[in-house]
Amino acid sequence: MLSQKARYALRAMIELARANTQVTAGELAERADAPRKFLEAILLSLAREGLVISRRGKFGGYVLARQPETISFAEIIRLVDGPLALAPCVSRTAFRRCEDCRDLATCALREALLRARDATAAVLEGYSLADAAQGAGAELIEG
């Protein structure tokens, strides 16, 4: 399940892609329908990870650090929520055996979870901020 924090992060990043210019935290919070203080904390972490550039001061604000075509939904979600996988044994970025795992090779769940992870990753890695900013395929991300 996508966390509310990830939803706010995605909305704010889409708004930055649409603006194509510097936007204040207050404006972003309003556009992304997010609590300002919470969004500022999210933006700070995205700045630390190199996805946004933060400018302080009276004329400060946020801009994307890279072109929106190069920032995927998967990258943002992984930074905010962690791995896309439903279980750690199928994660490509944070693999570990499940606590109750007896044998990876004979696990009855692993194949289905691996397919779900691959399908999810394919969609989210193939969907960029530019796609979302243009409204392309919005039905894929609703609900």
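What is the volume of the second largest pocket? The second largest pocket has a volume of about 250 Å³, a volume being the space filled by probe spheres set on grid points joined across faces, edges and corners. This is a predicted model, in which local features need pLDDT of at least 70 and side-chain atom pairs count only at pLDDT 80 or more, while totals for chains, interfaces and linings use all residues. Residues are numbered from 1 along each chain as its sequence is written, and side-chain values use heavy atoms, leaving out hydrogens and water.

**Pocket**
- The lining has 14 residues, and Glu-40, Ser-54, Arg-55, Arg-56 and Tyr-62 lie nearest the centre.
- A pocket is an open set of points on a 1 Å grid over the protein atoms alone where a 1.4 Å probe fits, with protein on both sides within 12 Å along at least five of seven lines; lining residues have an atom within 4 Å of a point.
- Helix 3 gives the largest share of the lining, three residues.

**Helix packing**
- Helix 2 (residues 25-32) and helix 3 (residues 36-48) pack at about 110°, with axes 9 Å apart; helices are DSSP runs of H or I, at least four residues, numbered from the N terminus.
- Axes are lines fitted to C-alpha atoms over the stretch in contact, and angles run from 0 to 180 degrees between N-to-C directions.
- The two helices are therefore roughly perpendicular (65 to 115 degrees).

**Loop residues**
- Asn-20 is not a glycine but has a positive phi of about 55°, and is exposed at 69% relative accessibility (over 50%, 1.4 Å probe, protein chains only).
- Asp-33, in the loop between helix 2 and helix 3, has a positive phi of about 50°.

Notes. Angles under 35 degrees count as roughly parallel, over 145 as roughly antiparallel, 65 to 115 as roughly perpendicular and the rest as oblique. Buried means under 20% relative accessible area, exposed over 50%, partly exposed in between (1.4 Å probe, protein chains only).
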